[in-house]
Amino acid sequence: MASAHLSIDLDAIAANWRTLSRMTGPDTQTGAVVKADAYGLGSGRVSHALAKAGARRFFVAAAEEGAAIRKALGTGPQINVFSGHMEGDAALIRDLDLTPMLNSVDQIMRHVESLPGHSFGIQLDTGMNRLGLEMAEWQAVASMVLELGPELVMSHLACSDTPDDPMNEAQLAEFRAMTDGCGVPRSLSATGGILLGERYHFDLTRPGIGLYGGRPYDAGQPAVRLSLPVIQTREVAAGEVVGYSGTWRAEAPAFVATVAAGYADGLMRTLSNNTRLWAGSTPCPLIGRVSMDLVTVDISHLKEVPTALDILGPHQTADDLADAAGTIGYEVMTSLGARYQRRYSGDDL
Ligand SMILES: *Cc1c(COP(=O)(O)O)cnc(C)c1O
């Protein structure tokens, strides 16, 4: 079989959710962000495992993403939508019982007109200038909106991965100025904000990347292993080149494996000549260009030809790969290819 295997450890994800929950006080609930197909890992299985661990509030980016999660969870747990209530979303929001985080006065009007009495939350902008009502808009509508009984008021931190960035305190102060005394549950922090400490926790946290073993939550358990099958091996004579544009040239006779995954599967082309794959605990350099469906690996030093090589696993995390590729672990995770066969371990039933 020529397709790669992505092994996902649901127990590790559940354990990360529990340890992130324990970092906040007893009055703070811990949600779970499962947008972008749970950062590439499969939102149905991941949500189910997290619900079993105790999560009751889930977050997605777009209403369409709610379908797989509602199917996995059944009725009960709340599924919140960061993009709010977009034109044409009313039927989905109603049928899947989603809770849109309304971002503008237009969205508030659309929601109360098309689905009167249906649950919603409010997203406030406290300085990131991306989503949510700003102070003046909020002041104009707050008393009317609060009468309607929002489930949650939330905002999002722009710099929480840098604890001493003054933006964190500024956003915290703005959030408090906008919401102190409002009488509605409040949420400000994603993974980075949880690590900033209690003042940032409020009533509900929204970890995403930390659940999946990524920075900035360094204590998290790694949850993924990506194993790429070896399709073919060959001897390469000194002076010969490997791959498109001949960017790697053998200085001595070499033994090269061709393995099945490429940039169409989310292995960034900037990894060309620039990372390693692993045969157990032995690193093997990726040589030549990453092509669409294949990469080539120098395995001259191995005693046996492996059937597969790992590019993500215990020796190399998504953050390590991101550092080499010049991006962030979030992008590596959410680019994990649709062709990979996802295999789950752990108890989510
Ligand atoms: C993606 C996202 C999160 C989760 O962020 P992580 O850094 O992955 O923990 C939380 N809140 C909002 C608004 C988001 O867009």
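## Basis of the model

Because the model is predicted, local features need pLDDT of at least 70 and side-chain atom pairs count only at pLDDT 80 or more, while totals for chains, interfaces and linings use all residues. Residues are numbered from 1 along each chain as its sequence is written, and side-chain values use heavy atoms, with hydrogens and water left out.

## Overall make-up

The chain contains 11 helices and 19 strands, taken as DSSP runs numbered from the N terminus (helices H or I, at least four residues; strands E, at least two). Its C-alpha trace spans about 75 × 40 × 35 Å along the principal axes. Of the 349 residues, 52% count as buried, where buried means under 20% relative accessible area, exposed over 50% and partly exposed in between (1.4 Å probe, protein chains only). Among contacts (heavy atoms within 4.5 Å) between residues at least 6 apart in sequence, 63% join residues at least 24 apart.

## The largest pocket

A pocket is here an open set of points, on a 1 Å grid over the protein atoms alone, where a 1.4 Å probe fits, with protein on both sides within 12 Å along at least five of seven lines; lining residues have an atom within 4 Å of a point. The largest pocket holds about 680 Å³ of space, a volume being the space filled by probe spheres set on the points, which are joined across faces, edges and corners.

Its lining comprises 31 residues, with Lys35, Tyr39, His156, Ala190 and Tyr330 nearest the centre. Helix H2 (35–39), helix H9 (191–196), helix H10 (318–325) and helix H11 (329–334) each give two or more residues to this lining. At least three residues come from each of domain 1 (31–212) and domain 2 (224–345), with bounds from an automatic or database domain assignment.

## The second largest pocket

The second largest pocket has a volume of about 190 Å³ and is lined by 15 residues, of which Arg234, Val242, Gly243, Thr258 and Thr296 lie nearest its centre. Strand E11 gives the most to this lining, with 3 residues.

## Serine 227

Serine 227 lies in strand E11 (residues 224–236) and is buried, with a relative accessible area of 15%. Its side chain makes a polar contact with that of aspartate 310 at 2.7 Å; such a contact is a pair of N or O atoms within 3.5 Å, and within protein one must be able to donate a hydrogen and the other to accept it, with residues adjacent in sequence counting only if both atoms are side-chain atoms. Leaving aside neighbours within four places in sequence, serine 227 is in contact with Ala4, His5, Ala308, Leu309 and Asp310.
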